Amino acid sequence: MTEDQKVPKKLPVEGKRNVLITSALPYVNNVPHLGNIIGCVLSADVFARYCRLRGYNTIYICGTDEYGTATETKAMEEKCSPKEICDKYHAIHKEVYDWFNISFDEFGRTSSPQQTEVCQAIFKKIFENKWLSENTMQQLYCDTCQRFLADRLVEGTCPTQGCEYDSARGDQCEKCGKLLNPTELKNPRCKVCQKSPRIRDTDHLFLELPLLKDKLEKYINEMSVVGSWSQNAIQTTNSWLREGLKPRCITRDLKWGVPVPHEKYSDKVFYVWFDAPIGYVSITACYTHDWEKWWKNPDNVELYQFMGKDNVPFHTVMFPSTLLGTGENWTLMKTISVTEYLNYEAGKFSKSKGIGVFGNDAKDTNIPVEVWRYYLLTNRPEVSDTLFTWSDLQAKLNGELLNNLGNFINRVLSFIAKPAGQGYDSIIPTLPDGVSGDSHPPTQRLADKVTAYMEQYIESMEKVKLKQGLKIAMSISGDGNAYLQESEFWRLYKQNQPLCSLVMKTAAGIVYLLACLLEPFMPSFTHEVLKQLNLSAEIHLSLCDDKGDIARVRRPWHILSEGHRIGTPRPLFQELKDEEVEFYRKKFAGSQADRILRAEAEAEKVAEQLKKTKVSDGNGKKKSSAKSSNETKNKAAAEPEISITRLDIRVGLIKKAQKHPDADSLYVEEIDVGEEQARTVVSGLVKYIPLDEMQNRKVCVLCNLKPATMRGIKSQAMVLAASNDDHTKVELVEPPSSALVGERITFPGYEGNPDELLNPKKKVWETLQVDLHSNEELVACYKNVPLTTSAGVCKVSSIRCGSIR
């Protein structure tokens with residue numbers, strides 16, 4: 001009996017909450033990058049772990065999507081069979097996800113016999129119910145390769161006006177996102193031989209989506225409300241419905257796929273959009289023979305599906321239509337959680353182009369997995385695209401994990417671990433009679449806050465607002481640190497030991513609570529904290545209502561038992577230094593191909609230097625090549641290039657704002673920019689922003705302009721603001737509320753120090769200003785790079801694509 005057979009398979013339980021979770025099946029033709037990981041498998045893993053923590057009967061299903069053109073194309077590139085490609089990349093995906101601690105109940109493959117069986121059974125039902133039609137298609141045929149070209153074997157120029165991307169695929173334009181047919185492309189070319197294909201007739205089967213429209217709309221209208229679908233999913237789905245549903249081809253002229261069980265079409269396979277979502281079902285069938293208890297049980301099972309935004313129509317329109325077309329009682333998706341794109345430094349993650357940090361790259365750094373998970377989840381692109389930058393990862397690790405969370409836990413456990421006379425000798429203290437948090441205002445205030453946080457955390461997680469759930473959990477750590485400071489436990493230990501025991505027992509309870517709340521996000525962190533608390537994860541890792549776990553939070557001084565011996569405290573996080581950040585930024589710059597070329601060039605350079613090096617001239621002296629005597633003399637101090645880093649833009653806090661005594665259109669502000677004295681700044685904002693909205697507000701301040709006198713008052717800096725095209729509306733550019741006053745605003749990917757004072761004759765500000773703007777997501781940018789602080793990016797309130805000056 002194998003290990004897998006010994007583990008009992010979970011099946012839905014009557015009377016319990018049964019949750020079936022899937023994440024979009026990653027395609028098997030490449031290594032997953034961080035955008036893929038946060039977009040589906042990691043987000044779904046967080047929710048699955050949360051559900052288990054709450055005691056819900058949960059399974060998480062995923063696997064590699066293995067059929068289709070992309071696999072055949074990759075096999076051609078690597079000169080092997082499609083199966084060999086799938087075997088290779090399935091193992092790579094599995095290894096990456098194992099390292100990221102993704103807790104699948106089953107991670108399978110769509111090239112399994114179960115896939116063929118389930119897919120063909122669904123097809124036969126749809127065929128019997130007459131939801132399919134036959135049609136002759138015009139398809140591109142390559143005479144050189146002697147084959148019909150499936151979508152991904154064709155590239156050309158996108159026909160969409162205003163896009164015209166010249167490397168659009170035959171099925172979808174990667175730039176504008178529009179779904180395409182290969183024959184719509186301008187200037188098409190065969191991806192294998194680069195020759196121009198010709199159009200030829202071929203017969204195919206179509207799913208009649210227009211005939212299923214009423215059934216589909218009834219499902220969407222009901223479930224999008226009940227399941228609280230994310231806004232981006234609703235918008236994409238409604239857009240498809242508004243444009244009108246069209247019959248969709250479900251067959252392809254390929255060999256690598258599920259064969260069509262129909263005599264006329266036996267030489268064809270199912271199109272990947274039809275067969276891939278069925279993979280969720282077939283992989284569940286690999287997990288348990290009783291798969292129908294999960295997938296044909298809508299009254300007792302809730303289906304949650306996670307994916308990136310490009311996958312939405314396949315899950316809200318096509319897959320439900322397929323299942324509805326069978327006439328069987330399928331478990332249809334209740335909730336869909338959709339992410340936008342995670343971009344990389346100044347560009348975009350791309351598997352096909354090898355740009356960004358990939359799963360195996362993360363594994364090969366010295367940065368622990370919990371840091372990667374935390375950073376990706378705090379940066380989860382839930383409502384708009386977000387940006388991965390190395391400096392932001394450093395700020396989150398050093399500021400939030402090390403100085404906030406790690407500091408709180410280490411302070412508490414290290415003090416308890418100190419020997420008697422200095423601490424508690426590793427024993428959770430006993431509270432004397434009459435000592436309780438109810439009668440100690442700071443402890444009671446903390447308990448009230450934590451109780452409120454717990455309610456907010458559960459509400460956020462139930463609605464799959466994962467980023468918000470993580471932020472709330474981290475707030476408890478911040479309040480824990482404030483509680484320790486306010487109570488001054490180190491003094492209490494000498495002056496009032498009973499009260500100190502209350503503080504430390506409460507704080508230790510909060511440490512345990514943090515371990516539980518953060519387990520979905522950072523499981524390896526949680527296991528280390530429980531180890532330091534000397535608690536078993538199997539027994540103590542729980543947030544179940546019926547076990548009283550939630551109720552205990554109201555009195556955190558009772559969470560841990562008195563007399564319990566803790567383990568050995570040790571630091572949980574290590575600082576990420578500037579030189580390490582710079583090393584990683586350079587190492588992962590460009591595409592994977594660029595990196596290989598750089599490494600090869602560096603190796604050749606070293607080898608060449610070794611050849612030229614002469615150890616000695618025979619007299620014990622090293623030889624050096626003669627240099628031109630003019631070489632050094634001619635090194636003129638060239639004028640530095642005009643780079644955005646020459647601007648000294650800082651986070652400022654308006655301490656006071658008032659009307660200019662001699663100008664109705666001007667404000668005079670006193671702004672703290674992190675110096676000994678506040679700077680006086682004159683701004684022409686009176687007609688746009690009310691005076692009361694100018695008070696005590698964080699702003700972005702350009703600090704190295706030459707001071708200018710405006711109506712008798714010298715302005716020592718400039719506040720950045722965005723305006724619309726006709727300058728009828730102006731808004732301040734605002735840093736995040738938690739950004740540090742005085743910190744310099746950075747531009748990821750740009751390195752350099754600001755000028756002490758900008759020379760007006762060189763027009764540095766004027767040259768750079770034309771590329772400062774707000775983008776569609778209201779983020780303030782230089783070109784396409786956001787103005788970035790340690791707490792996140794700077795934004796405007798409502799002006800999209802405005803000019804910043």
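These exercises, each with a worked solution, explore a predicted model.

**Exercise 1. The largest cavity**

Find the residues that line the largest cavity, and work out which elements they come from.

*Solution.* 
Step 1. Start with the search. Across the whole structure, two cavities of 30 Å³ or more turn up.
Step 2. Take the largest cavity. Its space is about 70 Å³.
Step 3. List the lining. It is made of Y512, L513, C516, S542, L543, D549, R552, V553 and I559.
Step 4. Assign elements. Helix 18 (497–517) and helix 21 (549–552) are the elements that give two or more residues. Helix 18 gives the most, with three residues.
Step 5. Sort by class. The lining of the largest cavity holds six nonpolar residues, one polar and two charged.

**Exercise 2. The second largest cavity**

Describe the lining of the second largest cavity by residue, element and class.

*Solution.* 
Step 1. Note the volume. The second largest cavity has about 40 Å³.
Step 2. Name the lining residues. They are Y219, L303, Q305, H315, F319, P320, L323, T331, L332 and M333.
Step 3. Strand 13 (301–308) and helix 11 (312–326) each supply at least two residues. Helix 11 gives the most, with four.
Step 4. Sort by class. Seven residues of this lining are nonpolar and three are polar, with no charged residues.

**Exercise 3. The second largest pocket**

*Solution.* 
Step 1. The pocket has 49 lining residues, and the closest to its centre are N379, K396, A791, G792 and V793.
Step 2. Collect the elements. Those giving two or more residues are strand 16 (347–348), helix 13, strand 17, helix 14 (390–417), helix 16 (466–487) and strand 31 (792–793).
Step 3. Sort by class. The lining of this pocket has 17 nonpolar, 19 polar and 13 charged residues.

**Exercise 4. The surroundings of K10**

Place K10 in the chain, then find what it touches.

*Solution.* 
Step 1. Locate K10. It sits in the loop between helix 1 (3–6) and strand 1 (18–23).
Step 2. K10 has a relative accessible area of 26%, so it is partly exposed.
Step 3. List the contacts. Leaving out residues up to four places away in sequence, K10 touches R52, N57, T58, I59, D105, Y287 and W294.
Step 4. Look at the side chain. The side chains of K10 and D105 make a polar contact at 3.0 Å.
Step 5. D290 is 280 residues from K10 along the chain, and their C-alpha atoms are 9.7 Å apart.

**Exercise 5. Salt bridges**

Where in the chain do the partners K309 and D385 lie, and where do E528 and R570 lie?

*Solution.* 
Step 1. Side chains of opposite charge can pair when their charged atoms come close.
Step 2. Count. The whole structure has 46 salt bridges.
Step 3. Take K309 and D385. The closest N and O atoms of this salt bridge are 3.5 Å apart. K309 is in the loop between strand 13 and helix 11, while D385 is in the loop between helix 13 (369–378) and strand 17 (386–388). The pair links distant parts of the chain, 76 residues apart. K309 is partly exposed at 26% relative accessibility, and D385 is partly exposed at 26%.
Step 4. Take E528 and R570. Their closest N and O atoms are 3.3 Å apart in a salt bridge. E528 lies in helix 19 (residues 523–533) and R570 in the loop between helix 21 and helix 22 (578–587), so the pair ties together parts 42 residues apart in sequence.
Step 5. Look for a network. Salt bridges with shared partners join R17, E302, K334 and E462.

**Exercise 6. S643**

Is S643 buried or exposed?

*Solution.* 
Step 1. Locate S643. It is in the loop between helix 24 (629–633) and strand 18 (649–660).
Step 2. Apply the cut-off. Buried means under 20% relative accessible area. S643 has 12% relative accessibility, so it counts as buried.
Step 3. Find its contacts. Apart from neighbours within four places in sequence, S643 is in contact with Y750 and L768.

Notes: Residues are numbered from 1 along each chain as its sequence is written. This is a predicted model: local features need pLDDT of at least 70, side-chain atom pairs count only at pLDDT 80 or more; totals for chains, interfaces and linings use all residues. Side-chain values use heavy atoms; hydrogens and water are left out. On a 1 Å grid over the protein atoms alone, a cavity is a set of points where a 1.4 Å probe fits but cannot get out, and a pocket is an open set with protein on both sides within 12 Å along at least five of seven lines; lining residues have an atom within 4 Å of a point. Grid points are joined across faces, edges and corners, and a volume is the space filled by probe spheres set on the points. Ala, Val, Leu, Ile, Met, Phe, Trp, Tyr, Cys and Pro count as nonpolar, Asp, Glu, Lys and Arg as charged, and the others, Gly among them, as polar. Buried means under 20% relative accessible area, exposed over 50%, partly exposed in between (1.4 Å probe, protein chains only). Contact means heavy atoms within 4.5 Å. A polar contact is a pair of N or O atoms within 3.5 Å; within protein, one must be able to donate a hydrogen and the other to accept it, and residues adjacent in sequence count only if both atoms are side-chain atoms. A salt bridge is a side-chain nitrogen of Lys or Arg within 4 Å of a carboxyl oxygen of Asp or Glu.
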